[in-house]
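Please read them with the sequence and the model side by side.

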Amino acid sequence: MTSLLFSAASRRHWLKQGVALSLGAVGAAGSLRAFAQPQTTLVLGDQAGGLRSLFEASKALEGAPFAYRWANFQGAAPLFEAQRSSAVDTAMAGDLPVLAAAVGKTPLKIVATRVGKADSLGIVVQPGSRLRSVADLRGQTVIVSSARGSISQYQLYGALEEAGVKREEVTVKFVLPTDAAAAFALKQIDAWAVFDPYYTIALQQGGRILRDGRGINTALGFITATESSLADPARRAAIVQFLERLGRAGDWALANPEAYAQAYSQLTRLPIESSRLITARASVAGRPVSEADIVALQAVADRSARDGILPVRVDVRAITDTTVWKRPA
């Protein structure tokens, strides 16, 4: 594997591919949507524009009794850094990143579950790669996005165990997804464990699936809220309203898949073909956290502690607040 330079030229190449996930005005500053005499303002943490596109397509936040702005991040690690510093009120991520954030003392509570599909992530290799199975990863380097404690790390370790490959037989390096995407496009990476939308983009560029997340990952995502926000009555009430609209947005997306894909394509500037694939398996449906969700996430926590992905076991029930959102499942 060649050196990962991640130069400005590499990033420009990625941009020229038309798959840079350019989000226009979306950024850490976001855009403020004000309503008549809002009681409070929420900062809604997002990854690669996924949540914002869902709400903008469904119009589920129109008329909300609070002001809000979006804070967009390329992966869960920087998003939870923002939540740790109380720069965002809510965050959305897959199962393991939420656990990793809890280990990192992020003051959060899980307040909602999102349901997606486990084939929205996987290990992808170059089209001409000699790697044909997970067993072929022995002695190889695998890039994992985005950081330790990601859903991609969990998927990789699960795939290695399934194939009878010891983790110490593989060199694992952690690279944020936009940097890894640029390197993959330049063929500086052969094997990459990554999640959507970057996963689908890599496949559309000719990448080949070595193993996807089916049978390994839970396909569950979670919405977390900062503890300080939940402790404030006005912010807590706004978060409840946000979650109610999350449920409506998910229902709309499931009933209108093409409109959702078109809206996602317009916001992210990804090709419609890629957007259809990404939105079809995205964590769209939103619901209150169920007992089954807690049990499933606890299994991930226990396995991650066993495998050394997490340094300690996380008590999922202790970081979950099922009283915030009571919408019928």
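Predicted model: local features only at pLDDT ≥ 70, side-chain atom pairs only at ≥ 80, totals over all residues.

1. Residues are numbered from 1 along each chain as its sequence is written, and side-chain values use heavy atoms, with hydrogens and water left out.

2. On the helix pair: helix 10 (residues 257-268) and helix 11 (residues 272-280) pack with their axes 8 Å apart and at an angle of about 120 degrees. Helices here are DSSP runs of H or I with at least four residues, strands are runs of E with at least two, and both are numbered from the N terminus. Axes are lines fitted to C-alpha atoms, for helices over the stretch in contact, and angles run from 0 to 180 degrees between N-to-C directions. Helix 10 and helix 11 are therefore oblique to each other, a term for what is left once angles under 35 degrees count as roughly parallel, over 145 as roughly antiparallel and 65 to 115 as roughly perpendicular.

3. On the contact (heavy atoms within 4.5 Å): Glu258, Tyr260, Ala261, Gln262, Tyr264, Ser265 and Thr268 in helix 10 meet Ile272, Ser275, Arg276, Ile278 and Thr279 in helix 11.

4. Grid points are joined across faces, edges and corners, and a volume is the space filled by probe spheres set on the points. The largest cavity contains about 590 Å³ of space; of its 36 lining residues, Met92, Ser120, Ile151, Asp196 and Ser283 are the closest to its centre. Among the elements that give two or more residues to this lining are helix 10 and helix 11.

5. On the open space: the second largest pocket (an open set with protein on both sides within 12 Å along at least five of seven lines) has a volume of about 180 Å³. Helix 10 supplies the largest share of the lining of this pocket, 4 residues.

6. On the backbone: cis peptide bonds join serine 145 to serine 146, with omega about 10 degrees, and aspartate 196 to proline 197, with omega about 5 degrees. Serine 86, although not a glycine, has a positive phi of about 65 degrees.

Methods
1 Å grid on protein atoms, 1.4 Å probe; cavity = no way out; pocket = protein on both sides within 12 Å on 5 of 7 lines; lining within 4 Å.
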